[in-house]
Amino acid sequence: MPARLRRSWRQRGHAGRTRVPACHGSPPRSLRHVWFSGLAVPGADARFHDYDAAVTACVERRALREGRQVHARMVMARYRPPVYLATRLVIMYVRCGALDDARNVLDGMPERNVVSWTAMISGYSQSGQHAEALELFVRMLRAGCKPNEFTLATVLRSCSGPQSIHQVKQAHSLAAKTNFESHIFVGSSLLDMYAKSGNIQEAQRVFDMLPERDTVSCTAIISGYAQLGLDDEALDLFRQLYSAGMQCNYVTFTTLLTSLSGLASLDYGKQVHGLILRKELPFFVVLQNSLIDMYSKCGKLLYSRRIFDHMPHRSAISWNAMLMGYGRHGIGHEVVQLFRNMTEEVKPDSVTLLAVLSGCSHGGLVDEGLDIFDLIVKEQNAMLTIGHYGCVIDLLGRAGRLQKALDLIEKMPFDPTPAIWGSLLGACRVHVNVSVGEVVAQKLLDMEPGNAGNYVILSNIYAAAGMWKDVFRVRKLMLEKTVSKEPGQSWIILDKVIHTFRSSERFHPSKKDIDAKIKELYIDLKAAGFVPDLSCVLHDVDDEQKERMLLGHSEKLAITFGLMNTPPGLTIRIMKNLRICVDCHNFAKFVSKVYGREISLRDKNRFHLLADGACTCGDYW
């Protein structure tokens, strides 16, 4: 090596100290100067195998700088790589994230094969550039190159946005024509995309026709049902597939736990947790987060906290899951304390702030919630979304500060959504504020003329205020617009069977026994001081009729059925699709006191854990 070049090499070495990984031991003799010094050397002794070995080493180690040096050596040596080697260059650049370089190589290739095209399409897809991936796929087809199973699987993952279902169907048609429809890679991608687009029937059809099913395809179809809220179907399918020998990974269990959270099925949740422990899966933060969420939604915050405390490291999502759990149970002081602890370990995100504000709302911590919101406005205003304002409006509404909530809606930098107006209308019902309720209801009726819930709440406000003419006027308006309210229903899981009750249930096999038992309960509870809250009956009938109507509420029927069919000491777990009424809440408190039973009741908004005549919500919900 000439002295001048040796000095240059030493200077570069001391300046950068960049070490290039070896290529299968030592670099090829013909590329050694390129490999260690970055200098282009003269001579034409480098051949295909030398370049191939060097590019392969760069691919394996994602060595972008050295890969560019090898590519530059080819150009300077006027070496024209064959299709295979040029494709390896595309793959190298894609693996290193240099998509523009990869595309330049692809565009400059005089000849391309299916691997060349697929490598570039995959690069776009993995980086989220789905439009570019689909555009290049169309160009590939027009060039006369037939896709293989890897091309189709990659293209399917790029089908996104409003037109995704049409794109999936087009790709599906092509897969059928090329006989790749039942290939495991293509089939798994197909059913995954159908499920994500909400077409679960087509996803199930694709799954059923797969000649073999792996963990990915089984997880994809279970996830499809879970994402659509079809939790019972997801659980049933898992049981079938697991009995048939399905192998599970952490993604499978994470998906299943999502469904169990929706069902609030503690028994199944414990079984799945036990299965995870027996399989001795390595630590995955996402799986632990799902366990925290599942247990909190099943009313077992102690279990959630135990998992949280034993995690070797926690992400912001872990903290958020725990914060939401405490908020869901109305334990506001724990939300605030945990938030303070979190700020010492990880940086809170937008979801964190949402969980804290929601927790303060459910816990009745009005002043603390407003203080935190004011601090966020001053220091992290860019993180605020319409959801954060919605939590504060809900906080003010629950506290009865309805005019202040209305003022905040008018001043906030976002247009109010139906959800925000609906939250305030619900607060007007709780506090029987007719004047604000009428203003809010009119906004909602203009935005959602077909939403029956808005009519019902307005009617309830009028009924609670004794304005029966207005009640009949609203109900007449509902008939004219042919809208109907969602019926209230509660359910309880016993011996792996879901028992569902609707108001004034008439079809349950144990109806006569339940009716007799609930009358017996009423006698015992009234003797202990229980007084029915007749204001919860929003009909203009006499008090005796109102009391009979209260007896038929779905949560009372479910609690009674639970008392009849569970042994003493076992927690009675009830779920309800709507907000629990005041009378049923009082009924549950007295049952817990008189019969010494703990009751876990999850309604539309939150958890109520009732024991010894008290509820964790502090009668604030």
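**Sheet.** I looked up the sheet and found six strands in an open sheet, ordered S2-S1-S3-S4-S5-S6, with mixed pairing. Strands here are DSSP E runs of at least two residues and helices are H or I runs of at least four, numbered from the N terminus; two strands pair if DSSP finds at least two bridges between them. I noted S2 (497–502) and S6 (614–615) as the edge strands, each pairing on one side only.

**Source.** This is a predicted model, in which local features need pLDDT of at least 70 and side-chain atom pairs count only at pLDDT 80 or more, while totals for chains, interfaces and linings use all residues. Residues are numbered from 1 along each chain as its sequence is written, and side-chain values use heavy atoms, with hydrogens and water left out.

**S1 and S3.** I checked S1 (residues 489–494) against S3 (residues 572–576): they run antiparallel and are joined by two bridges. Ser490 has Lys576 in S3 as its bridge partner.

**Glu555.** I placed Glu555 in helix H31 (residues 554–565). Glu555 has 2% relative accessibility and so counts as buried (under 20% relative accessible area; exposed is over 50%, partly exposed in between; 1.4 Å probe, protein chains only). Its side chain makes a polar contact of 3.3 Å with that of Lys576 (a pair of N or O atoms within 3.5 Å; within protein, one must be able to donate a hydrogen and the other to accept it, and residues adjacent in sequence count only if both atoms are side-chain atoms). Leaving aside neighbours within four places in sequence, Glu555 has contacts (heavy atoms within 4.5 Å) that include Ser490, Lys576 and Leu601.
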